[in-house]
Amino acid sequence: MSKKVLVLGEVREGSLRNVTFEAIAAAKTVSGGGEVVGVLLTDSVGGNGEEMLKYGADRVVTVEHPHLKQYTSDGFGQAFMAVSEQEKPEAIVFGHTALGKDLSPKIASKMQAGLISDVTAIEGEGDDAVFVRPIYSGKAFEKVKVKDGVLFFTIRPNNIQPLEKDDSRSGDVSSVSVEITNLRTIIKEVVRKSTEGVDLSEAKVVVAGGRGVKSADGFAPLKELADVLGGAVGASRGACDADYCDYSLQIGQTGKVVTPDLYIAAGISGAIQHLAGMSNSKVIVAINKDPEANIFKVADYGIVGDLFEVIPMLTEEFKKLKA
Ligand code: FAD
């Protein structure tokens, strides 16, 4: 059966996040040739509706409202439910992001739908689609199939390949007027931490440091390597707890989940809670003085050595390749 699929677009600082394009590709896979409808909830849509069409959406529905400038689960919940009641989708896809993780259970319970969260792969297509998701902190994967009801799932960023952008694609971008009332949270101001460089959760290369970096200054060679590779710096909780870096860099069960093409772990022992946030990375390189360190069990390439010798050597070699 062909399905109408709603895809929630995520806008950050005026632009769509990459996970939106990945969600459109996932929607196409499950639609069985049905319609993929992008949904944008924002105070100002700009050109983002057209952008969703270029990445494969057939049509886009927008809700523009001043209360949608910042995310609140009440505001976004009311706006999404209004679109959903109008469109009556057979399937819904969100990114498994901070926003998606917060909003999807709320919408699923309102719709009395099941929710498959944190999908990392889809096997098969249309009604035969099987959803793969990690369980037990990434130690195992389960495969889930939905028999009936609305198919609702969230996808982990960086796991599903977006479709090629097609500038010639066009379609209808229409707006729905929604009254947003009874907000229990009003966000008056957002004070951002000053972060530079590439966004950690969407980075293709992550250079992460653990307690082995020994100090805040110890992160400098990791930052240099990340810059040469166009990547982002991450950290273990050990490094954050020791005050070597900010908690916004923490990767793992209680930190960010990342799936870069290349993950370089330096001075990280490989505790299960850390592995939960990075073991799905495509290629893992571990650098550790201890040949018995657990991190080597998940690494594709292991370097037994002192990170303060190995990292600068890697940086110099990558610089030569780029020259
Ligand atoms: P350590 O375990 O101390 O390892 C440091 C490593 O550096 C060692 O293997 C050592 O051989 C190596 N080393 C030392 N010097 C050098 C050098 N010069 N060159 C190369 N290698 C060197 N942790 C997370 O990371 N993320 C989480 O989200 C997370 N959530 C948690 C949630 C809970 C409920 C709990 C209980 C724990 C959580 N932890 C998490 C903590 C986790 O259990 C570990 O304590 C932590 O990951 C250890 O950090 P580390 O590997 O940097 O430090």
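Predicted model: local features only at pLDDT ≥ 70, side-chain atom pairs only at ≥ 80, totals over all residues.
In what order do the 7 strands of the open sheet with parallel pairing stand? Residues are numbered from 1 along each chain as its sequence is written, and side-chain values use heavy atoms, with hydrogens and water left out.

The order is β7-β11-β6-β1-β4-β5-β12, where strands are DSSP runs of E of at least two residues and helices are runs of H or I of at least four, numbered from the N terminus, and where two strands pair if DSSP finds at least two bridges between them. At the edges stand β7 (116-119) and β12 (172-175), each of which pairs on one side only. Averaged over the sheet and ignoring direction, neighbouring strands are turned by 25° against each other; axes here are lines fitted to C-alpha atoms, for helices over the stretch in contact, and angles run from 0 to 180 degrees between N-to-C directions.

Looking inside this sheet, β4 (residues 36-42) and β5 (residues 59-64) run parallel and are joined by 6 bridges, and Leu41 has Val63 in β5 as its bridge partner. Helix α3 (residues 73-87) lies across β1 (5-8), β4, β5 and β6 (91-95), and runs at about 150° to β4, contact meaning heavy atoms within 4.5 Å. Helix α4 (residues 98-111) also packs on the sheet, where it touches β1, β6 and β11 (151-155), and its direction makes about 160° with that of β6.

Finally, the ligand. It is surrounded by 26 residues, the closest being Arg211, Ser236, Thr254, Ser269 and Asn288, with a residue counted if one of its heavy atoms lies within 4 Å. Taking polar contacts as pairs of N or O atoms within 3.5 Å, we find a backbone N or O atom of Arg211 at 2.7 Å from a ligand oxygen atom, and a polar side-chain atom of Gln250 at 2.8 Å from an oxygen atom of the ligand.

How values were computed: Polar contact = N/O pair within 3.5 Å; in protein donor to acceptor, adjacent residues only side chain to side chain.
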